[in-house]
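Here is a walk through one protein model. Start with the order of its elements, then look at how two of them meet.

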Amino acid sequence: MNYWSIVKTTLQYIEEHLKDDISLEALSGNAGYSEFHFCRVFKRETGMPVMDYVRKRRLVHALADMEKGKNMLG
């Protein structure tokens with residue numbers, strides 16, 4: 001089974017909702033899989049756990065904002 005298209009859709013969703021609350025329940029529900037199966041699929045396709053990926057993307061965006069001089073406390 002080709003899971004990459006599902007993971008690709010999830011990656012796009014994560015990018016569009018980085019500033020929102022993102023839960024494993026919501027991501028797996030959008031993909032149509034149980035949380036357990038979705039975590040296995042995501043890690044197999046990307047090499048990292050899904051919530052670690054979300055955290056990493058948020059940190060990268062925060063760093064980019066800091067480099068642009070944005071106030072991180074406001």
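From the N terminus on, the elements of the protein chain run α-α-α-α. That gives four helices and zero strands. Helices here are DSSP runs of H or I with at least four residues, strands are runs of E with at least two, and both are numbered from the N terminus. This is a predicted model: local features need pLDDT of at least 70, side-chain atom pairs count only at pLDDT 80 or more, and totals for chains, interfaces and linings use all residues. Residues are numbered from 1 along each chain as its sequence is written, and side-chain values use heavy atoms, with hydrogens and water left out.

Take the chain as a whole. Its C-alpha trace spans about 45 × 20 × 15 Å along the principal axes. Of the 74 residues, 23% are buried (under 20% relative accessible area, 1.4 Å probe, protein chains only). Contact means heavy atoms within 4.5 Å. Among contacts between residues at least 6 apart in sequence, 59% join residues at least 24 apart.

Now turn to one helix pair. Two packed helices are described by the angle between their axes and the distance between the axes. Helix α2 covers residues 24-31 and helix α3 covers residues 35-46. They pack at an angle of about 85 degrees, with axes 9 Å apart. Therefore α2 is roughly perpendicular to α3 (65 to 115 degrees).

Which residues meet there? From α2 come L24, E25, L27, S28 and A31. From α3 come E35, F38 and C39. By class, the contact has five nonpolar, one polar and two charged residues.

Terms used
Axes are lines fitted to C-alpha atoms, for helices over the stretch in contact, and angles run from 0 to 180 degrees between N-to-C directions. Angles under 35 degrees count as roughly parallel, over 145 as roughly antiparallel, 65 to 115 as roughly perpendicular and the rest as oblique. Ala, Val, Leu, Ile, Met, Phe, Trp, Tyr, Cys and Pro count as nonpolar, Asp, Glu, Lys and Arg as charged, and the others, Gly among them, as polar. Buried means under 20% relative accessible area, exposed over 50%, partly exposed in between (1.4 Å probe, protein chains only).
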